[in-house]
Amino acid sequence: MNPLSPLIKLEDPLFDHKKLEVFIKRDELIHPLISGNKWRKLKYNLLEFKQKNKKHLLSFGGAFSNHLLALAAACSEQDIKGTIIVRGDGPDPNNPTLRLANKMGINIQFTDRTNYKRRHDQDYQQELLEHYKADFLIPEGGTNLLALKGCAEIVDEIDLQLGKASDYITVSAGTGGTAAGLLSQCSNSKLQVFSALKGDFLEADILKLCDKNKQNLHVHKTFHFGGYAKHKPELISFINEFYEQHNILLDPIYTGKMFYGLLTEIREDKYPAGSSIVAIHTGGLQGNLGFNYRFGQKIPNPQIPV
Ligand SMILES: Cc1ncc(COP(=O)(O)O)c(C=O)c1O
């Protein structure tokens, strides 16, 4: 198993001024492609795959998604046969995520939006498993109970590395699976979840997956910047400035929004003086390649050989 991902203290005069200790849990460093929450979510799924002697894994993902590339890399490294159902019209040879995933040999099958909407439907899943002769299914984004177990371990690592429970842990959310896993283990830390998506569904979705420690859950709904494929100039500037200041790369879909939200709230005195805050870097940096490909070179690219 990998060693613990680093926990480092972020230096910023703002934090000194507010008397806060802010740390970053650098899960993006775990692996260049299976990074952050993807590694955490896949860990026990892949162990189960092996232990149950399964032969062929099937999953779902967007054409630029972190899950797609992480799964392709994990299958390639562990010599697992994998098929991924991708929403879209067909291969785009210039899409860096698809290009890299293709290189790693995962079977990519495109489906239209109407079919893709059925990805959570059990009959449809069964049809696909039979069609592709697959015997192990991982849902879109990798969120299932085994994924939650992997994400819960982040809290234990933080407690160990900090020598105590952090007052606050912050994380970005899409499906809420990562947050639910953290919450299951957050009996002594308050969990601040920053939604990457517009809407009012996230808190209920997290509590459906985990109803432990719910008094410690706080969902922030106002830092989504319009949703997944949207971006705003202030977020792009923030990511570039954060990189210059800390030499840490963020992505525009998840971690950029979370850090933007956290810093805004720190400025607004939402965290009491004397608190410790651990912000989890959930990875997703391969997404910067796809972002720059779609919108022009706006943010730094990660060091990934495309
Ligand atoms: C980099 C990154 N951070 C955070 C998330 C949010 O994870 P979840 O869907 O478990 O809420 C994702 C989504 O999969 C992601 O790729």
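This is a predicted model: local features need pLDDT of at least 70, side-chain atom pairs count only at pLDDT 80 or more; totals for chains, interfaces and linings use all residues.

Student: Where is asparagine 53 found?
Tutor: Asparagine 53 is in the loop between α2 (36-51) and β3 (56-62).

Student: And what about its phi?
Tutor: The phi of asparagine 53 is positive, about 60°, although the residue is not a glycine.

Student: Okay, on to phenylalanine 225. What is its phi?
Tutor: Phenylalanine 225 has a positive phi too, of about 55°, and it is not a glycine either. Its place is in the loop between β9 and α10.

Student: Buried or exposed, that phenylalanine 225?
Tutor: Phenylalanine 225 is buried, because it has 20 other C-beta atoms within 10 Å, and 20 or more is what buried requires.

Student: Phenylalanine 223 lies in which loop?
Tutor: Phenylalanine 223 lies in the loop between β9 (217-220) and α10 (233-246). With 19 C-beta neighbours inside 10 Å, phenylalanine 223 counts as partly exposed.

Student: What is phenylalanine 223 in contact with, leaving aside neighbours within four places in sequence?
Tutor: On that basis, phenylalanine 223 is in contact with Phe194, Lys257, Tyr260 and Gly261. As for lysine 257, it is 34 residues from phenylalanine 223 along the chain, and their C-alpha atoms are separated by 6.0 Å.

Student: Change of topic: helices. How do α3 and α4 cross?
Tutor: The axes of helix α3 (residues 66-77) and helix α4 (residues 96-103) come within 9 Å, with a crossing angle of roughly 15°. The two helices are therefore roughly parallel to each other, and their crossing is left-handed.

Student: Which residues make the contact?
Tutor: From α3 there are Leu68, Leu69 and Ala72, and from α4 there are Thr97, Leu100 and Ala101. By class, that contact of α3 with α4 has five nonpolar residues, one polar and no charged ones.

Student: What packs against α3 and α4?
Tutor: The buried residues of α12 do. In helix α12 (residues 286-295), those are Gln286, Gly287, Asn288, Leu289, Gly290 and Phe291.

Student: And what follows α12?
Tutor: Glycine 296 follows α12, and its phi is positive, near 95°.

Student: Let's talk about the core. Which residues touch the most other members of the largest nonpolar core?
Tutor: Of its 49 residues, Ile169, Ala179, Leu182, Leu183, Val193 and Ala279 touch the most other members. Helix α7 (residues 145-162) gives the largest share of this core, seven residues. There is also a second, separate core of 28 residues, with Leu69, Ala74, Ile108 and Ile138 among them.

Student: Why would nonpolar side chains be buried together?
Tutor: In soluble globular proteins, that is simply what nonpolar side chains tend to do.

Student: Back to alanine 279. What is it in contact with, leaving aside neighbours within four places in sequence?
Tutor: Alanine 279 is in contact with Val22, Ile24, Thr170, Met258, Phe259 and Leu262.

Student: Now glycine 181. Where is it, and is it buried or exposed?
Tutor: Glycine 181 is in helix α8 (residues 177-185). Glycine 181 is buried, as it has 29 other C-beta atoms within 10 Å.

Student: Which contacts does glycine 181 have, again skipping neighbours within four places in sequence?
Tutor: Those are Ala147, Leu148, Lys149, Gly150, Cys151 and Ala152. Glutamate 153 is 28 residues from glycine 181 in sequence, and the two are 8.3 Å apart in space, C-alpha to C-alpha.

Student: One more: what does phenylalanine 136 touch, not counting residues up to four places away in sequence?
Tutor: Phenylalanine 136 touches Phe49, Lys54, His56 and Leu57. It is found in strand β6 (residues 136-138) and counts as partly exposed, with 19 C-beta neighbours inside 10 Å.

Student: And aspartate 16, buried or exposed?
Tutor: Aspartate 16, in helix α1 (residues 13-17), is exposed, with 10 other C-beta atoms within 10 Å. Alanine 273 is 257 residues away from aspartate 16 in sequence, yet the C-alpha to C-alpha distance is 9.6 Å.

Methods
Residues are numbered from 1 along each chain as its sequence is written. A nonpolar core is a set of buried Ala, Val, Leu, Ile, Met, Phe, Trp, Tyr and Cys residues joined through C-beta atoms within 7 Å. A residue is buried if 20 or more other C-beta atoms lie within 10 Å of its own, exposed if 12 or fewer, and partly exposed in between; C-beta atoms are placed from the backbone. Helices (H or I, at least four residues) and strands (E, at least two) are DSSP runs, numbered from the N terminus. Two residues are in contact if their C-beta atoms, placed from the backbone, lie within 7 Å. Axes are lines fitted to C-alpha atoms, for helices over the stretch in contact, and angles run from 0 to 180 degrees between N-to-C directions. Angles under 35 degrees count as roughly parallel, over 145 as roughly antiparallel, 65 to 115 as roughly perpendicular and the rest as oblique. A crossing is left-handed if the near helix is turned anticlockwise from the far one by less than a right angle, and right-handed if clockwise. Ala, Val, Leu, Ile, Met, Phe, Trp, Tyr, Cys and Pro count as nonpolar, Asp, Glu, Lys and Arg as charged, and the others, Gly among them, as polar.
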